[in-house]
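Visitor: I'm new to this one. Could you walk me through how to read it?

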Amino acid sequence: MIDLRVEFAGLVLKNPIITASGTFGFGLEFSSFGDLKRLGGIVVKGLSLKPREGNPMPRVAETPCGMLNAIGIQNPGVEAFLRDKLPLLPWRETAIIANMYACTVPEFGELAGVLSGEEGVAALEVNVSCPNVTHGGAVFGQDPTQIRKVTEEVKKRAKGKPVIVKLSPNVTDIALCAQAAEDGGADAVSLINTLLGMAVDIRTRKPTLANVLGGLSGPAIKPVALRCVHQVCRKVSIPVIGIGGIVSAEDALEFILLGAAAVQVGTANFLRPDQSFRIIDDLPRAMIKAHSDSLGELRGSLKLP
Amino acid sequence: MVERNCREVKVREVRFLGTWDEPSDFVELTLDNPGWESYRPGQFAMLRAKHWGLELPWGRPFSISRVDAESVTFFVQVVGRGTSRLARLRPDDVVIIWGPLGNGFSAPPATPTLLLAGGMGIAPFRGYIENHPSPEFLHLLFAHRASIDFYPYLNMSEKVRAESIQERSPDDLPLIIARLEAAMDEYEGGLVLACGPTPFLRTVQAHALKKNIRAEVSLEKTMACGVGACLGCVCKDGQGKHVQVCARGPVFATADVQI
Ligand SMILES: Cc1cc2nc3c(=O)[nH]c(=O)nc-3n(C[C@H](O)[C@H](O)[C@H](O)COP(=O)(O)OP(=O)(O)OC[C@H]3O[C@@H](n4cnc5c(N)ncnc54)[C@H](O)[C@@H]3O)c2cc1C
Ligand SMILES: Cc1cc2nc3c(=O)[nH]c(=O)nc-3n(C[C@H](O)[C@H](O)[C@H](O)COP(=O)(O)O)c2cc1C
Ligand code: FES
């Protein structure tokens with residue numbers, strides 16, 4: 001039996017597979033497709049202080065080996081999450097990570113204050129990288145100074161809960177952003193969020209998404225995600241969570257090989273709603289393929305030329 | 001085979017049971033029954049052929065047309081990448097399926113019920129008619145563009161009172177709308193159920209609200225997950241709030257939705 005447990009940033013996970021924000025709802029949507037307790041963790045849909053209706057339709061478009069989305073962080077607000085969703089989640093067995101969305105530093109602080117008081121919330125993930133919304137997120141994610149400020153503020157209000165800063169790839173040097181998060185006191189960074197993209201229709205001569213721009217995700221972005229994780233792992237000493245295009249156990253191990261402590265699975269949940277569970281089942285087989293009997297041995301063992 | 005059974009939705013891999021005589025843009029897709037014991041007509045399933053690979057990361061939503069002990073049947077019109085691949089399935093190809101999803105149509109017994117189908121919108125009504133407790137109360141009105149032979153209409157018209165109208169050119173549209181509205185007028189106090197293209201549903205909704213006729217419409221949106229998680233398929237409810245068509249619909253009372 002290969003031990004799949006991972007420990008980092010004060011979190012203890014059964015396995016390194018965490019479902020990514022916005023692709024797994026509040027977890028409950030998937031409870032008939034697999035036992036949520038088997039997941040390493042669940043990052044819930046982005047939460048804001050007040051409910052948000054999100055962007056107009058159409059909001060999603062399928063692209064070769066990927067998709068664009070401009071949901072605009074539609075969510076019922078943090079209070080409704082804590083009241084209606086969190087009590088139904090198996091938070092004693094599986095790490096429930098709250099993904100936070102806000103437009104100002106004080107708002108991020110307030111959100112962190114509300115969430116960190118909850119026993120069922122294992123960690124806070126700060127979305128500084130949402131490229132979908134015309135103001136707010138994008139500003140933080142592209143400016144290392146802002147990333148540091150937000151991180152400091154959230155950390156101050158986190159009551160000791162681990163703070164994960166989720167980075168945008170839509171920057172010139174993502175390692176600088178990771179360093180800014182580390183300087184601000186982040187316990188970990190997760191990357192990547194979606195790549196800014198666009199789709200158009202020559203028949204209607206209109207953009208496919210009502211928001212015009214959207215975030216690209218799925219297998220198409222995996223090479224970019226691997227590159228980013230590689231650059232960040234070499235620059236910071238805090239744990240890194242790899243995200244982007246992971247659809248198989250092999251994909252997950254690729255990120256761990258680069259040094260990731262754990263990974264998040266996003267768009268793959270749409271391939272079929274039990275995909276994250278299948279990836280977990282498949283990890284032992286993929287480990288054999290990687291000639292490894294422990295994640296610790298594999299982690300960061302990349303042989304550079 | 002009627003009843004609501006949403007909690008036990010699983011992903012299954014099932015065999016494609018049919019063969020195609022010749023390539024067509026309208027196909028009847030029969031799969032092994034994935035272990036469904038019941039469903040409610042108007043519900044749908046997400047389909048994805050196993051050999052699709054990663055190029056098309058989403059499943060595709062299709063109304064469940066009929067279910068029996070051995071098999072489940074869909075009617076698919078080829079409109080793009082996924083449907084053209086489904087129409088080229090070969091015997092014993094494996095299809096990944098999750099469902100039944102969504103809510104389905106009301107089926108009150110002994111209530112005069114008008115079924116309004118536009119094009120492929122006829123698909124869910126096949127099972128609706130077969131499962132209805134009092135089919136003598138049903139009336140099917142079918143508006144279509146392609147030849148009637150492409151649809152499961154003939155089979156259905158043997159079971160209930162039915163009529164069809166073909167739109168041969170856009171000039172026919174006013175006539176078709178007039179026929180729809182006249183038919184609906186006979187169902188004040190009854191129930192109207194509609195499934196078809198969005199402009200068709202808008203016409204039905206406008207008339208139902210104007211004449212205060214109880215009506216339900218089945219909406220079509222592009223779907224990525226089909227289970228309420230991605231928020232890519234939303235419409236506005238009666239209060240203007242975004243709700244997922246896959247999880248809260250696809251069937252909505254006309255008073256509760258903005259089309
Ligand atoms: C609840 C529900 C039930 C449905 N039932 C049936 C059915 O019984 N039979 C049937 O033939 N079709 C049905 N559809 C429509 C079917 O899902 C789409 O035609 C299909 O997803 C198109 O896939 P594609 O890959 O071939 O098209 P794509 O290559 O993805 O797109 C081709 C074109 O179709 C449009 N399109 C894509 N997805 C949808 C969609 N879900 N609805 C409307 N337009 C879309 C795109 O905007 C584009 O213009 C249903 C849709 C829903 C939401
Ligand atoms: C439909 C959709 C909604 C998303 N919503 C959020 C969100 O609310 N907050 C967030 O931080 N990331 C969000 N993301 C980004 C994902 O969590 C993930 O970072 C990204 O999709 C890349 O991973 P993937 O290629 O595995 O999907 C969303 C992605 C998708 C596809
Ligand atoms: S298709 Fe994902 S929420 Fe409806």
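Guide: Let's take the interface, then a sheet. This is a predicted model, where local features need pLDDT of at least 70, side-chain atom pairs count only at pLDDT 80 or more, and totals for chains, interfaces and linings use all residues. Residues are numbered from 1 along each chain as its sequence is written, chains are lettered from A and ligands numbered from 1 in the order in which they are written, and side-chain values use heavy atoms, with hydrogens and water left out.

Visitor: How many residues of chain B are in contact with chain A?

Guide: Contact means heavy atoms within 4.5 Å. Here, 30 residues of chain B touch 32 residues of chain A.

Visitor: How many salt bridges does the rule find across the interface of chain B and chain A?

Guide: A salt bridge puts a side-chain nitrogen of Lys or Arg within 4 Å of a carboxyl oxygen of Asp or Glu. Between chain B and chain A there are four. One salt bridge joins Glu62(A) to Arg60(B), with the closest N and O atoms 2.6 Å apart.

Visitor: Which strand order does the open sheet of chain A have?

Guide: Strands are DSSP runs (E, at least two residues), numbered from the N terminus, and two of them pair if DSSP finds at least two bridges between them. In chain A, the four strands run β5-β6-β14-β11, with antiparallel pairing. β5 (60-63) and β11 (195-198) of chain A are at the edges with a single partner strand each, so one side of each has no neighbour in the sheet.

Visitor: How many bridges link β11(A) and β14(A)?

Guide: Four, in the antiparallel sense, with β14 of chain A covering residues 213-217. Leu195(A) has Leu216(A) in β14(A) as its bridge partner.
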